[in-house]
Number of protein chains: 2
Amino acid sequence: MESLDLFLETTLQLAKSAVAKGNHPFGAVLVHEGQIVATAENTVVTDCDFTGHAEMNLIRIAFKELPREKLESSILYSSTEPCAMCSGAIYWAGIGSVIFGCSNKTLSAIVSGSLEIPCPEIFRHGKKAIKVVGPLNESRSKKIHEEFWSRNG
Amino acid sequence: MESLDLFLETTLQLAKSAVAKGNHPFGAVLVHEGQIVATAENTVVTDCDFTGHAEMNLIRIAFKELPREKLESSILYSSTEPCAMCSGAIYWAGIGSVIFGCSNKTLSAIVSGSLEIPCPEIFRHGKKAIKVVGPLNESRSKKIHEEFWSRNG
């Protein structure tokens, strides 16, 4: 399996792990120089915290453990495109690149109440560039959302 | 002092309190039926957490302590317009209204590296309306930023 596929697959496994614990199907990993340096999953339900998105949890871990220059040269992989909240956090953390599976647009067609805004739309208001690649292999993450939200929407 | 002025003044006192502890000059309060039900200040430095904005900390407290319907009928007062991250969190928390002192645009003219996006620009991508009022009494919060960021920018 190519590294990119492996990292995206890891985000999907984390999304499934989140669901198994009673949370929402989202996972994220931070990759630096080809190695996973942090992983996180959604904890909104179990932490009783609306800010417990996978990317937010990842950034909280990463900011404590990695120096600023490592964050800048890291790639955040997410099972689903970061929302406005997570995109803002990615900007403040200074993470240099984002790669995601399912787009916000696709998610919004599945879940009611979504905040449908592409993450590049947030980043373009900042003063430093963040590279974004996605959606990638969207069918896999889309399927997880369809299965979950049809039961929990 | 009118209630609105009192609530905004409280956010400024919280912003000053944050600075006294080594953090950034931001404060926020949540008001329900004319009463302050939660207060929070920026904790980015002391918590070593880029997501420790005043509004984020407020939402984490409020979501644990208040039922959803109270959040919907609450007003979040902030010393400065919520950034993209905090606006996303406000949306997910279902808070109904936002009133702020200093605008993001004014802040961005003072601090380098800001993410200059008006919060209504985030909210308009959502599926429920959030009422926004601001900037209000901007000179007071602007002064706090000018004093702080000239020393710490």
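Just after α4(A), A:G94 takes a positive phi of about 75 degrees. This is a predicted model, in which local features need pLDDT of at least 70, side-chain atom pairs count only at pLDDT 80 or more, and totals for chains, interfaces and linings use all residues. Residues are numbered from 1 along each chain as its sequence is written, and chains are lettered from A and ligands numbered from 1 in the order in which they are written.

**Exercise 1.** Find how many residues of helix α4 of chain A are buried.

*Solution.* Helices are DSSP runs (H or I, at least four residues). Helix α4 of chain A covers residues 84-93. Count a residue as buried if 20 or more other C-beta atoms, placed from the backbone, lie within 10 Å of its own. Here 10 of the 10 residues pass, so the helix is largely enclosed by the rest of the structure. Among them are A:M85, A:Y91 and A:W92.

**Exercise 2.** Describe how α2(B) and α4(B) are oriented to each other.

*Solution.* Take the axes as lines fitted to C-alpha atoms over the stretch in contact, with angles from 0 to 180 degrees between N-to-C directions. The axes of α2 (residues 54-65) and α4 (residues 84-93) of chain B come within 9 Å and cross at roughly 15 degrees. Angles under 35 degrees count as roughly parallel. The two helices are therefore roughly parallel to each other.

**Exercise 3.** Find how chain A is laid on chain B.

*Solution.* Superpose by least squares on the C-alpha atoms of residues with pLDDT of at least 70 in both copies. A turn of 180 degrees and a shift of 0.0 Å along the axis give an RMSD of 0.0 Å. The two copies are thus related as by a two-fold rotation axis. Of the residues of chain A, A:M85 comes closest to that axis, at 1.8 Å (C-alpha).

How values were computed:
Parallel < 35°, antiparallel > 145°, perpendicular 65-115°, else oblique. Buried ≥ 20, exposed ≤ 12 C-beta atoms within 10 Å, placed from the backbone.
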